[in-house]
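Here is a short briefing on selected contacts. Look through the sequence and the structure first, then go on to the points below.

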Amino acid sequence: MIKHPFYLAYGLMLISAVGWTEYRGYGSINLNEVKKVPKTIRDNPGSYRSHYGYVPRYFGGK
Amino acid sequence: MEARALVCPGCGGSVQLRGMTQTASAVCIQCLSIIDTTTPELRIIQQFMAAQRTLPLIPLGTRGKLRGDLYEAIGFQTRQIEVDGMAYEWREYVLFNPYKGFRYLSEYDGHWNDILPIKGLPIPTSGGVSYLNESYKHFQTATAETTYVMGEFPWKVMVGEKADCTDYVSPPRMLSSEKSGNEITWSIGEYMTGAQIAEAFQLKTALPDARGIYANQPSPFGNSVGSSWTLAVFLIAALAGVMVLSSMFMSQKEVFRQKYSFFPRTGVENSFVTSVFPLEGRTTNVELSVNTSLLNQWLYFNFALINDDTGEAYDFGREVSYYNGRDSDGAWSEGSASDTVLIPSIPPGRYYLRVEPEVDAASISSARGVNYEIVLRRDVPFNIPFGIAALLLLIPPVFTTLRKTRFEQARWQESDHAPAASDDDDSDSGDDD
């Protein structure tokens with residue numbers, strides 16, 4: 001290990017980074033974050049316009 | 001050591017003798033006569049021609065300390081071999097210490113070897129020889145010809161004399177046999193750098209830099225390949241430990257589960273919100289799973305995970321589609337009726353989910369609809385980054401291994417066992433060198 005101090009440091013840094021991000025909770029998706037959504041959405045869900053909504057799409061089969 | 005001198009019987013010039021009475025021949029540099037110094041009448045063994053006089057990099061008479069002993073350079077010769085029509089020339093120096101005897105230095109393209117004759121006989125093995133419990137691999141066999149001589153030699157040297165030389169390597173050592181007539185002599189060489197030679201002989205002029213890779217040049221990677229793989233195993237084991245520990249300590253707690261049915265209707269608002277559920281603990285991920293009854297249909301969900309207290313929303317969309325059938329190629333299927341996604345780094349709080357399903361209305365009967373279930377779990381392990389990290393951890397040892405392999409390929413390129421795939425490179429590197 002002493003023979004490869006940079007590799008050891010690189011490895012420990014990588015493990016620490018992976019461990020820390022695992023602790024903070026990885027995700028497998030990109031999110032769109034919206035601040036200050038009004039509480040009225042609970043009564044009127046249709047008043048909220050999703051960032052991802054209303055895009056024409058087709059997911060056809062074979 | 002004091003130099004004696006003799007008078008050349010060819011030209012009457014002065015010939016210095018540094019090897020006391022232990023040398024067998026000396027060269028008159030004025031008339032290029034090789035004189036037999038073992039007889040009182042100083043017979044001329046040979047007079048040779050040289051278009052150009054070669055100057056040794058270590059001037060004759062220079063003294064230097066090798067392996068702790070003082071030696072004087074007393075002889076110099078150039079020799080060459082011919083391989084595939086190309087002549088390769090190297091230089092050899094005879095060193096003398098009146099108490100220790102002779103030792104030799106060889107130099108080729110800036111690579112040096114400190115050479116001593118050996119008394120024992122190496123044992124032939126498959127692919128090489130063994131000497132003092134060390135295995136040497138066969139490197140090259142060629143006929144070497146002496147092309148130029150200067151100074152004194154402990155044998156009756158002659159320009160044009162030929163010997164069959166075979167080299168075996170175990171870097172940094174090299175075993176060499178020289179067969180001349182019925183006589184075979186063995187010697188062992190140890191690689192030295194030009195800087196070491198210059199320091200040993202306190203040379204005023206710099207020696208030429210080494211070019212290419214020499215037969216017994218020690219690999220700069222040494223044992224680093226093995227030790228880097230050992231470290232890689234240690235680091236990957238540590239990474240696996242972190243993965244197992246984090247999986248053990250992650251709560252993976254189910255915080256929401258609800259079944260729904262979706263009946264698409266035009267002109268009707270399809271979005272809805274769930275009840276509020278708590279996300280406890282530290283900032284961590286949330287796993288959302290959607291299990292549907294889709295068959296040959298697609299369903300798209302616009303999700304928003306909304307913090308009821310702060311009004312912060314996390315928007316994302318997910319597509320679920322599943323198709324199957326049978327055609328001339330046989331049965332086929334595409335997609336999946338369920339979907340799972342990890343929502344990263346969600347702070348603790350009270351949340352609800354806004355769900356807005358979308359569908360191709362024509363493909364789903366409004367009477368039958370689609371059934372689906374939404375499940376949310378908090379603090380779920382995600383192993384893919386550990387796999388990526390493991391691959392990243394392998395980069396340094398793989399890189400070191402490749403560099404060592406390239407070094408060894410370059411070494412063996414100059415041997416009788418050059419890798420066949422690199423024949424073209426052989427000629428290229430020969431030109432470069």
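How many aromatic pairs does the structure hold over all chains? There are 19 of them. The model is a predicted one.

**Aromatic pairs**

- B:F76 and B:Y93 form a tilted pair, because their planes stand at 50°. Their ring centres are 5.1 Å apart.
- B:F76 belongs to strand β7 (residues 69-83) of chain B, and B:Y93 to strand β8 (residues 86-97) of chain B, so the pair ties together parts 17 residues apart in sequence.
- B:F76 is buried, at a relative accessible area of 0%. B:Y93 is buried too, with a value of 0%.
- B:F301 and B:F303 make a stacked pair. The distance is 5.3 Å centre to centre, with 10° between the planes. Both residues are buried.
- Ring pairs also join B:F301 and B:F303 into a cluster with B:Y260, B:F272, B:F316 and B:Y372.

**Charges over rings**

- A:R42 places its charged end over the ring of B:Y352, 5.1 Å from the ring centre.
- In the other case given here, B:R282 lies over the face of A:Y23. The distance to the ring centre is 4.3 Å.

**Helix α1(A) against helix α3(B)**

- Helix α1 (residues 5-24) of chain A and helix α3 (residues 384-413) of chain B have axes that come within 10 Å. The axes cross at roughly 175°.
- That angle is over 145°, so α1(A) is roughly antiparallel to α3(B).
- On the α1(A) side, the contact is made by A:Y7, A:Y10, A:G11, A:L14, A:I15, A:V18 and A:E22.
- On the α3(B) side, they meet B:P385, B:F386, B:A389, B:L392, B:L393, B:I395, B:P396 and B:P397.
- The residues of this contact divide into 13 nonpolar, one polar and one charged.

**B:S224**

- B:S224 is found in helix α2 (residues 224-249) of chain B.
- Is B:S224 buried or exposed? B:S224 is buried, because its relative accessible area of 13% falls under the 20% cut-off.
- Which residues does B:S224 contact, leaving aside neighbours within four places in sequence? They are A:K3, A:H4 and B:T400.

Methods:
Residues numbered from 1 in each chain as written. Chains lettered and ligands numbered in written order. Predicted model: local features only at pLDDT ≥ 70, side-chain atom pairs only at ≥ 80, totals over all residues. Heavy atoms only, no water. Axes fitted to C-alpha atoms, helices over the stretch in contact; angles between N-to-C directions. Helix = DSSP H or I, 4+ residues; strand = E, 2+ residues; numbered from the N terminus. Parallel < 35°, antiparallel > 145°, perpendicular 65-115°, else oblique. Contact = heavy atoms within 4.5 Å. Nonpolar A, V, L, I, M, F, W, Y, C, P; charged D, E, K, R; others polar. Phe/Tyr/Trp six-rings, centres within 6.5 Å; stacked < 30°, edge-to-face > 60°. Buried < 20%, exposed > 50% of the residue type's maximum accessible area, 1.4 Å probe, protein only. Lys NZ or Arg CZ within 6 Å of the ring centre and 35° of its normal.
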